[in-house]
Amino acid sequence: MSDKQHTLHSARRLGRLMSRYYLSSRYHSLWGPLLRRPLAWVTSGAPVEILRVFGIHPFYPENYGALCGARRASLALCQAAEARGYSQDLCSYARCHLGSLFSPEHAPLKKLPPPDLLVACNNICGTVLKWYEELARRLRVPLLFIDTPFIAGELEDRAVAYVQEQLRAMVEELSRLTGRRWDAARARRIMGLSNEAVLLWREIRYMGRHRPSPLNAPDLFIHMAPIVVLRGTPQAVHYYRLLLSEVRERVKKGIAAVPGERVRLLWDNIAIWYRLNRFFRFFAERGACFVTDTYTGGWDTEMAVREDPLESLAEAYAGIFLNRSLQFRVRQMVELIRDFAVDGFVMHSNRSCKPYSLVQEEIRRQVVEQTGIPGLVVEADQTDPRAFAEETVLNRAQAFLEALAL
Amino acid sequence: MSYGTGSGELHEILEVASSAPAAWAARYPGRRFLGFFCSCWPEELVSALGGEPLRVLPPARPGSPARLPAYCCTVARGCLELGEKGTLGFLAGAGFAHACDTMQCLGDIWRYAAGMPVFYLVPPVAPLACGAEEYYTEELSALYARLAGAWGEEPREDALREAVKLHNRVRALVGRLEELRAGLPSPLVAAVLRAGQVMPRREFLRLLEEALPGLAARASRPAGRRLLAVSGAVLETDDFYRLVEELGGRVVADDTCTGYRHYAAPVEESLPPLVALARRLASRPPCPCRHLGLEARARYLLQLVRSKGAHGLVLILRKYCEPHAWDAVHVAGALRGAGVPVLVLETEGPVVGEQERTRLQAFLEQLSGGSGP
Ligand code: SF4
Ligand code: SF4
């Protein structure tokens, strides 16, 4: 991090891969209609494999929100949305995205590729539904919504059946919209590609168990992009194979993501995109490496292969970690802490993301009680820099690291 | 109370409406209260098992509960504060119906913070989606069994039918009050509606039945008053309604979560009760936490404004409440487009601040062209 030689070489390849994805999205109007391939704006937890069966090109406004944050365009875009009456208390990904519609001159990529349809799934939050309802009204394009009931305890058969029914209806609707037929065999192949990428991604993430860790959280945040936007494609699989071999090589050579790693930390919640490098550098300079996190692990769960691909998809997409109880998340964190031999954890109390953040204090209490390791809560926002009092946060981080005897 | 209580029955209702939760246990000893938080919660299941459904409302000025950050609505924070302090220790449990992201989190935290059993229900967000009714019927059935199991009761269908009838009678009676609303002081009606969510329902039914003739006799045309429709989430006190009256207005339609939205739409008595309860979700007035189509809420509110002869609509936004903040942009635009004046009023809690008071006053004056009440 602090040392240039430790940047992953794959980062350049990733840059090219993502540029290609964004270029093909941006110029979709030139090639999409010719190939009869509509473009859909989709939420990060939407069952994209189904869209791919129908040749639909997915574009991810949430990933775009992160991009706006990383490029420091988010403030102007949030303000553009607020000027139209959208409250400052709404998720900043949504405000960035809406802002880019109102003020494309401030937006990375300028004008976004217009969608032929919208696909939203509430397995990550209720916000996405409201956000996509708004898009559907403004842009006058069809909205396909998949309702995945929140899992308060265990994932129940009735919930899977309900999601499956909706997926069936979605398949019919997409057939109608695209004039293409549902092809279960193709769906299985695409799901196979998703699974391959997911397993590679999991293996990569788990490399962080080595001491010193070859990866720090910002590496994970940057390299997660393909698992979100290219899931179900050969490109994602190819990319993660290369990344995995580079990370393995690092492990073999004992290359640390944070030279002189002294403390191993866990990160909880979405990144602070507009301060990604600066924030994590502060820790790296003090020998602290974020060897794992809860967020990028959201994309490392494999789909079970069932006779009916829709059943597998229903089960997988209903079961996403943000759709699960506090208890599940405590268990997950405790396991990560043990598996990665973590010394302390930092929770980003993220104003934008209520389902992720409002339960954090209770999770912190329980994790501290069960593991005995300390946890720090820092307040910020994933893309709205106004919610981040950097100096205060870094002072607290300093004190936290000192308490960890650094 | 400044707006007069009239009969003894009414007095009793209003006393409950304004009393603190701790007083309820003492007033109704030996009852098994189950606290619930969202008006989607199927009260009938509780009544069928001999319990009393009690809506948990936050204190008017909540402090800062330890387990929720400041960027969370005061509804959740206030309720959690009661839970953490043990004020609701008399409850036999808490029932959460999944609604917004915040309620989802509160339900999860409650398990650890309030020391009582939690019963979690997840209604479909899209009640009209394929498979939603079947899913919800099963979900309700599982909840009924869980509740019954916890209380050592049998989940009987005949008891559920009786409970449906009881709650439908409450709805019908409140519907009659609703017809008188324009002629009665707004805080009075709001308080009665709130009492109907916390009092044991049979008592409420008896008292309201007896109070209604008096209320009907008292109702008079709201001459000179500016007539408002109000929509929003929870309003846990009468403050807003009192302010409207003070400023020369009258709430003639109350689409808040604690207002008439709670009572609207009876449960179909000819159907198997669990199916009927499941169906009710789609027939209730649209709430921002459910997806009933892109225009459903704006259309509903426009029809409400017109049918009640309201001069304008106030959308009350709770600070940090996402579902209502999202809807406000479209709903305000759509209604203004249809010629209805709309005021979007953001408040921290149920008490309207000075600045908002001035805005409300200006809005009311604009409605009447400046003439006083
Ligand atoms: S950041 Fe949170 S609230 Fe925003 S879209 Fe993602 S999951 Fe939803
Ligand atoms: S709907 Fe709004 S006011 Fe009600 S609990 Fe949710 S966020 Fe709070």
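A: Start with one term: a residue is near a molecule or strand if one of its heavy atoms lies within 4 Å of it. The model is predicted, so local features need pLDDT of at least 70 and side-chain atom pairs count only at pLDDT 80 or more, while totals for chains, interfaces and linings use all residues. Residues are numbered from 1 along each chain as its sequence is written, chains are lettered from A and ligands numbered from 1 in the order in which they are written, and side-chain values use heavy atoms, with hydrogens and water left out.

Q: Which residues are around ligand 1?
A: C91(A), I124(A), C125(A), T127(A), V128(A), W131(A), I270(A), S352(A), C353(A) and Q382(A).

Q: How many of that shell are nonpolar, polar or charged?
A: Seven are nonpolar, three polar and none charged. Here Ala, Val, Leu, Ile, Met, Phe, Trp, Tyr, Cys and Pro count as nonpolar, Asp, Glu, Lys and Arg as charged, and the others, Gly among them, as polar.

Q: Which domains does the shell draw from?
A: Domain 1 (3-185) and domain 2 (200-403) of chain A each give at least three residues. The bounds come from an automatic or database domain assignment.

Q: New topic. What is the volume of the second largest pocket?
A: About 790 Å³. On a 1 Å grid over the protein atoms alone, a pocket is an open set of points with protein on both sides within 12 Å along at least five of seven lines; a cavity is a set where a 1.4 Å probe fits but cannot get out; lining residues have an atom within 4 Å of a point. Points are joined across faces, edges and corners, and a volume is the space filled by probe spheres set on them.

Q: Where does that pocket lie?
A: Both domains of chain A give residues to its lining, so the second largest pocket lies between them. Its lining has 32 residues, with A66(A), L67(A), A70(A), I222(A) and W273(A) nearest the centre.

Q: Which helix gives the most to that lining?
A: α1(A), with seven residues. Helices are DSSP runs (H or I, at least four residues), as are strands (E, at least two), numbered from the N terminus.

Q: Which peptide bond is cis?
A: One joins R211(A) and P212(A), with omega about -5 degrees. P212(A) sits in the loop between α9 (184-206) and α10 of chain A.
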